[in-house]
Amino acid sequence: MDKYECEICGYVYDPEAGDPDNDINPKTSFEDLPDDWVCPICSAGKEDFIKI
């Protein structure tokens, strides 16, 4: 699964880890994140992330 980086703050979403602080289970791909998911660091939307 691909990792995605927030262009605003540099946070990297790693699907292997998920986002447990926001109830996103490990192994959740970026594409499967809810549309209203935001960066846990700066609250940027999914549109502000790029694949790395």
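With the side chain of which residue does the side chain of Asp 19 make a polar contact of 3.0 Å? The partner is Trp 37. The views below show a predicted model, in which local features need pLDDT of at least 70 and side-chain atom pairs count only at pLDDT 80 or more, while totals for chains, interfaces and linings use all residues. Residues are numbered from 1 along each chain as its sequence is written, and side-chain values use heavy atoms, with hydrogens and water left out.

**View A. Asp 19 and its polar partners.** Asp 19 is found in the loop between strand 2 (12-13) and strand 3; strands (E, at least two residues) are DSSP runs, numbered from the N terminus. Its side chain makes polar contacts with the side chains of Asn 22, at 2.8 Å, and Trp 37, at 3.0 Å. A polar contact is a pair of N or O atoms within 3.5 Å; within protein, one must be able to donate a hydrogen and the other to accept it, and residues adjacent in sequence count only if both atoms are side-chain atoms.

View B. Not counting residues up to four places away in sequence, Asp 19 touches Tyr 11, Tyr 13, Ile 24, Trp 37 and Pro 40, where contact means heavy atoms within 4.5 Å.

**View C. Tyr 13 in strand 2.** Tyr 13 is placed in strand 2 and is buried, with a relative accessible area of 0%. The side chain of Tyr 13 reaches the backbone oxygen of Thr 28 at 2.6 Å. Beyond four places in sequence, the residues that Tyr 13 touches include Asp 19, Ile 24, Phe 30, Leu 33, Trp 37 and Phe 49. Tyr 13 and Val 38 are 25 residues apart in sequence and 11 Å apart in space, C-alpha to C-alpha.

**View D. Ile 24 in the loop.** Ile 24 lies in the loop between strand 2 and strand 3. Ile 24 counts as buried because its relative accessibility is 9%. Among the residues touched by Ile 24, beyond four places in sequence, are Tyr 13, Asp 19 and Trp 37. Ile 24 and Val 12 are 12 residues apart in sequence and 14 Å apart in space, C-alpha to C-alpha.

Notes: Helices (H or I, at least four residues) and strands (E, at least two) are DSSP runs, numbered from the N terminus. Buried means under 20% relative accessible area, exposed over 50%, partly exposed in between (1.4 Å probe, protein chains only).
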